[in-house]
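The exercises below are meant to be worked with the sequence and the coordinates side by side. Please try each task before reading the solution that follows it.

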Amino acid sequence: MGESVQAEVMMSFLVSEELSFRIPVELRYETGDPYAVRLTFHLPGDAPVTWAFGRELLVDGVGRPCGDGDVRIEPTDPDLLDDALIRLQVGADQALFRVGIPPLLAFLDRTDKLVPLGQERALADFETHLDEALDRILAEEQNAG
């Protein structure tokens, strides 16, 4: 397994405009999957939930609204860059979290030192891994048939 960067940040889980509570969230980046970051949410009374999405989405989302699917990230005030909102959606269900941008930037800076943004492809030769996996699958099918 490759190298990794981890951090824990506190986020506010915004249940409604009147109700929110703070939860610990683990941020993780691994060189074995250099395009993705993983956020593991530790909600009280529930098993931890992990979301994986593009590191570049997190990088862009701290400065401007980004994402158009299950994950959307945007600063609460683009001029101040103090907090960001992370919206996670599955079908009609969604969860909204507020997090301080400085700890996200510190985490992203550490990931960039491990694998500079834009240099992921040099680290993860996906085509070679895909070719190897396809060769294995074809060999297994030939042996089984």
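The model is predicted, and local features are taken only at pLDDT of at least 70, side-chain atom pairs only at pLDDT 80 or more, while totals for chains, interfaces and linings use all residues. Residues are numbered from 1 along each chain as its sequence is written, and side-chain values use heavy atoms, with hydrogens and water left out.

**Exercise 1. Fold outline**

Task: State how many helices and strands the protein has, and give the order of the elements from the N terminus on.

Solution. Step one is to assign the elements, which are DSSP runs numbered from the N terminus, helices being H or I over at least four residues and strands being E over at least two. This assignment gives four helices and seven strands. Step two is to read them in order, and from the N terminus on they run β-β-β-β-α-β-β-β-α-α-α. Step three concerns burial, where buried means under 20% relative accessible area, exposed over 50%, and partly exposed in between, with a 1.4 Å probe and protein chains only. Of the 145 residues of the protein, 33% count as buried.

**Exercise 2. The largest cavity and the strands around it**

Task: Find the residues that line the largest cavity, and say which elements give two or more residues to its lining.

Solution. Rolling a probe the size of a water molecule over the atoms shows where empty space is left. The search uses a 1 Å grid over the protein atoms alone: a cavity is a set of points where a 1.4 Å probe fits but cannot get out, a pocket is an open set with protein on both sides within 12 Å along at least five of seven lines, and lining residues have an atom within 4 Å of a point. Grid points are joined across faces, edges and corners, and a volume is the space filled by probe spheres set on the points. The count comes to one cavity of 30 Å³ or more, and the largest cavity has a volume of about 30 Å³. Its lining is formed by Arg72, Ile73, Glu74, Leu85, Ile86, Arg87 and Leu96, with β5 (71-75) and β6 (83-90) being the elements that give two or more residues. To sort the lining by class, count Ala, Val, Leu, Ile, Met, Phe, Trp, Tyr, Cys and Pro as nonpolar, Asp, Glu, Lys and Arg as charged, and the others, Gly among them, as polar; the result is four nonpolar, no polar and three charged residues.

A further step looks at Arg72, which is placed in strand β5 and is partly exposed at 37% relative accessibility. The C-alpha atoms of Arg72 and Ile86 are separated by 5.8 Å, although these residues are 14 apart along the chain. In the loop between β5 and β6 sits Leu81, which is not a glycine and yet has a positive phi of about 50°; Leu81 is partly exposed, with a relative accessible area of 37%.

**Exercise 3. The largest pocket**

Task: Determine which element gives the most to the lining of the largest pocket, and describe that lining by class.

Solution. The largest pocket holds about 170 Å³ of space. Among the residues that line this pocket are Phe41, Leu43, Trp51, Leu88, Gln94 and Phe97. Next, group the lining by element: β4 (49-54), β6 and β7 (93-100) each supply at least two residues, and β7 gives the most, with four residues. By class, the lining of the largest pocket has eight nonpolar, two polar and one charged residues.
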